[in-house]
Amino acid sequence: MSQGEHVKKHTLALSLLTILAPPIASADNLSDAFKNGTVSGDLNLFYKGIDNRTTSDSGYGTGFLGLKYETAPLNGLQLGLAFRHGSEIDEDNPGDSDEGVGTLVTEAYISYQGDQFGAKLGRQEIDLEWVADFHEAITVTTSALPNTDLTAGFSRSFAVANEDELNHSFADISDDGAYFLDAKITPMEGLTLNPYYVHEDEIYNGIGLKVEYEHTSGLGITAHYATSDVDVAGENDGNILHLELRGTLGGLALKAGFIDTDKDGGVGHFTDLGENIKPLEEGNQVYVTDAETLYLGAEYTFGSATVGLMVGNTDYAGNADEREIDLTLAYDLSSLADNLSLNMLYANIDANSSSADYEKFTLMLSYGF
């Protein structure tokens, strides 16, 4: 990174802090902001087991805690701090639980929210197309344009903090981070246009458009296309197309979709900063080169229970394919305690090579507060 680029980024951060700092000068008001802050979190008992066709099976159980504190707004200003922690309860083999054990400070930020403008600086959770999970970033949002929510930002590193993928630290994003711009436009009721741009320095430039329509009858449609210009020597550009049709009938929800990637470059680095297209629990081949995925899904809710079935097949380069079946059960236990739930998942993966076939089972008892 050049000295000029360093200066610009530090100047941007310092300018934001200068704008936000004056309102917290008053000790009395600041004291009230901390006293009236909110604490939220979740406590989980989690189990994961993998039954492999030829290699050794694995399994482990953890206790998982997420905790967040956020001050009450003070002239639009808030401070937030959050962490995720996983502790081993049991494991079948040494090292099985490593992916879900440890502690990570996921959020540590200062934010400002006005009538039509917001900004956040520090570790934060982001949920945009191809920019997801937790990032050390600066983001700016505005709703000043008619029927439009606009988000712009810069991220220098990111991390994942799930029960079965708990990073121990934030990983740098290339040498100079990534910039992103995302717009959500609602020209009419039920219709959302989501154009976006992502730039990972010296890695790729990506642009895309996601169109979603939700009818009052319960019918929904998604059409999403993105293409990337890859700057890495020896690698090809990529693209991805995603189409989905869904609908509801009483307590039954149905969906069917198609995902297609570039025949030479796959998705071309789009997944570097997070993703939210893949509909399958595993979907190991959905984003690889020359992949075509078809999937069907159904969910049915009765009483406090929701059962789900997802079936998918991915054909990819070399006439290979992978089939997957996901069965899920979510049960609301609020009759026993508020915000208590039980979630189970069974996934069966039939890989191109029978030696890579496996079954996955997870069970999580979760309490939110």
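To start, a salt bridge is a side-chain nitrogen of Lys or Arg within 4 Å of a carboxyl oxygen of Asp or Glu. What you see is a predicted model, where local features need pLDDT of at least 70, side-chain atom pairs count only at pLDDT 80 or more, and totals for chains, interfaces and linings use all residues. Residues are numbered from 1 along each chain as its sequence is written, and side-chain values use heavy atoms, with hydrogens and water left out.

The structure holds 20 salt bridges. One of them is between the side chains of Arg84 and Glu163, at 3.5 Å from N to O. This pair ties together distant parts of the chain, 79 residues apart: Arg84 is in strand E3, and Glu163 is in the loop between strand E8 (161-162) and strand E9 (165-166). Strands here are DSSP runs of E, at least two residues long, numbered from the N terminus. Are these two residues buried or exposed? Both Arg84 and Glu163 are buried. Buried means under 20% relative accessible area, exposed means over 50%, and partly exposed is in between, with a 1.4 Å probe and protein chains only.

Next, Lys360, which lies in strand E21. Lys360 counts as buried because its relative accessible area is 4%. Its side chain makes a polar contact with the side chain of Glu282, at 2.9 Å. A polar contact is a pair of N or O atoms within 3.5 Å; within protein, one must be able to donate a hydrogen and the other to accept it, and residues adjacent in sequence count only if both atoms are side-chain atoms.

Lys360 also forms a salt bridge with Glu281, 2.9 Å from N to O. Glu281 sits in the loop between strand E16 (252-261) and strand E17 (292-302), 79 residues from Lys360. Glu281 has 33% relative accessibility, so it counts as partly exposed. Salt bridges with shared partners join Lys48, Glu99, Asp164, Glu281, Glu282 and Lys360 into one network.

Last, the surface. Val39, Leu43, Tyr367 and Phe369 form a nonpolar patch there, with about 370 Å² of accessible area together. Patches are made of residues with over 30% relative accessible area and no salt bridge; like charges are joined within 9 Å, and nonpolar side chains (Val, Leu, Ile, Met, Phe, Trp, Tyr) within 5 Å. Accessible areas come from the Shrake-Rupley method with a 1.4 Å probe, and for residues only the protein chains shown count as cover. Phe369 is in the segment after strand E21 (358-368).

Note on methods
Helix = DSSP H or I, 4+ residues; strand = E, 2+ residues; numbered from the N terminus.
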